[in-house]
Amino acid sequence: MEYSLFCHHFYALSVSPVKKKLGLLFIMLLLWVYMLYSCVGYCATMPPGLVVDNNNNNRAKETAFLGKYAEAESGRPDLMMSKLLSRPQSAWTDVESDYDEPSVRRAPRDFSKDEGDVDRAEEWDDGRRVSSLSSFSNGSGNKKLPQAIIIGVKKGGTRALLEFLRVHPDIRAVGAEPHFFDRNYDNGLDWYRDLMPKTLEGQITMEKTPSYFVTREAPARIYALSRETKLIVVVRDPVTRAISDYTQTLSKKPDIPTFESLTFKNRTTGLIDTSWSAIQIGIYAKHLDNWLQFFPMSQILFVSGERLISDPAGELGRVQDFLGLKRIITDKHFYFNQTKGFPCLKKAEGSSKPHCLGKTKGRTHPNIDPEVVQRLRDFYRPFNMKFYQMTGHNFGWD
């Protein structure tokens, strides 16, 4: 009798409607978690060829725009486009043709799908890792051509600026330098767009290639793509920049001539060799004049490389205003690394740990004869003054 009563109570409890509903909900939850896990794993490993491209209409519009621009400018579209598509010719001899920065040298490769490799190439102190779930959450959106480009200058602080900007939730940027408007223009717009990360509505796509600023063909090519493009140039004391440029080359080629011998055509007369790119790049007024043939000054922002070190939040505030974004990157995002001598991020993109730029940044400069430094300052002074007048800003290099 007692055994039967116990069974009766157990049976009544097990078939309780509440218990049955809870059991079903628990089973459904397990199935949902399993499906989500499977979907994330599948999406993370899906080859690029399986991604459907819905941007054909946009690409057709861009191609049509390029054709209209060429026809309007010259009356001969075939002639104009052939000029824009021609490979740039170097205006001076450089002892080093490559940058420390990772760059795109052959097509095609989608760098937005290989963030890990890009970050390792940047040599951050701590490697960043993007989880499968993060990749899945960032999988939405479309690849767009950049609305803003950091066009210069080499050894001015462009990598630091880009990494600082990537903290902003409304900025998405490719890590490697595409070199589209100087080295890879023949690869076409589809190739260029495929390098870009996916963005959502309201987000800005960016890239940086410092050599654009000194490439004669770059302004016309960017203008032909979009005359609304916003341009950012990080400038630095041209004498310090030249020494930094030489230091980078020296780290790769220890047997190159001394800085002094490369600086002068004739040491006795003090004639500066402007054919050397380390000197040529710092004549900012000359290069800016080329850009002003296509873009108004209101579309070009000049960032001080010196203040990017002394007051990163202040310079980032100016950049965010220029891009029409809310000032989200502030003092709380930075700390000054005494060992390296420049600011670092407390939390970089995709990480919860502090990050500084790697060993290739902040190299110790060789000792240069003070007389050589002074002669260089005298050489750059008139160009600096013209640059101050053109930009309406005194950068204090003299």
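**Notes on the predicted model**

1. Starting with helix α15: its buried residues are Pro312, Ala313, Glu315, Leu316, Gly317, Val319, Gln320 and Phe322. Keep in mind throughout that this is a predicted model. With 8 of the 11 residues of α15 (residues 312-322) buried, the helix is largely enclosed by the rest of the structure. What do these buried residues pack against? The partners are α7, β6 (230-235), β9 (300-304), α14 (305-310), β10 and β11 (342-345). Just after α15 comes Gly324, with a positive phi of about 75°.

2. Lys230 lies over the face of Phe322, at 5.5 Å from the ring centre.

3. On to the aromatics: there are 24 aromatic pairs in the structure. Take Phe164 and Phe334, whose ring centres are 4.9 Å apart; their planes meet at 80°, so this pair is edge-to-face. Phe164 belongs to helix α7 (residues 158-165) and Phe334 to strand β10 (residues 334-337), so the pair ties together parts that are 170 residues apart in sequence.

4. A second pair worth a look is Tyr388 with Phe395. Here the ring centres are 6.3 Å apart and the planes are at 40°, so the pair counts as tilted. Tyr388 and Phe395 are both buried.

5. There is also a ring cluster to check on screen. Ring pairs join Phe180, Phe181, Tyr185, Trp191, Tyr192 and Tyr212. One of these, Tyr185, has Arg221 over its face, at 4.3 Å from the ring centre.

6. Where does α16 bend? The bend is at Arg381, by about 40°, and a proline, Pro382, follows within four residues. The buried residues of α16 include Val372, Leu376, Phe379 and Tyr380, and also Asn384, Phe387, Tyr388 and Thr391. Tyr388 is the residue from the tilted pair with Phe395.

7. Now the annotated positions. An unreviewed UniProt entry gives a "binding site" annotation that covers Lys155, Gly156, Gly157, Thr158, Arg159, Arg236 and Ser244, along with Lys361, Gly362, Arg363, Thr364 and His365. I'd pick out Thr158, which lies in helix α7. At 5% relative accessibility, Thr158 counts as buried, because the cut-off is under 20%. Leaving aside residues up to four places away in sequence, Thr158 touches Ile150, Gly152, Val153, Lys208, Pro210 and Val234.

8. Last, a loop residue. Ser103 sits in the loop between α4 (77-85) and α5 (115-121). Is Ser103 buried or exposed? Its relative accessibility is 12%, so Ser103 counts as buried. Which residues does Ser103 touch, not counting those up to four places away in sequence? They are Ala176, Glu177, His179 and Arg183. Ser103 and Thr209 are 106 residues apart in sequence, yet their C-alpha atoms are 8.5 Å apart in space.

Terms used. Residues are numbered from 1 along each chain as its sequence is written. This is a predicted model: local features need pLDDT of at least 70, side-chain atom pairs count only at pLDDT 80 or more; totals for chains, interfaces and linings use all residues. Side-chain values use heavy atoms; hydrogens and water are left out. Rings of Phe, Tyr and Trp (its six-membered ring) pair if their centres lie within 6.5 Å; planes under 30 degrees apart count as stacked, over 60 as edge-to-face and the rest as tilted. Helices (H or I, at least four residues) and strands (E, at least two) are DSSP runs, numbered from the N terminus. Buried means under 20% relative accessible area, exposed over 50%, partly exposed in between (1.4 Å probe, protein chains only). A charge sits over a ring if NZ of Lys or CZ of Arg is within 6 Å of the ring centre and within 35 degrees of the ring normal. UniProt positions are given in the numbering used here, feature names are shortened, and annotations may be inferred rather than shown by experiment. Contact means heavy atoms within 4.5 Å. The bend at a residue is the angle between axes fitted to the seven residues ending there and the seven starting there.
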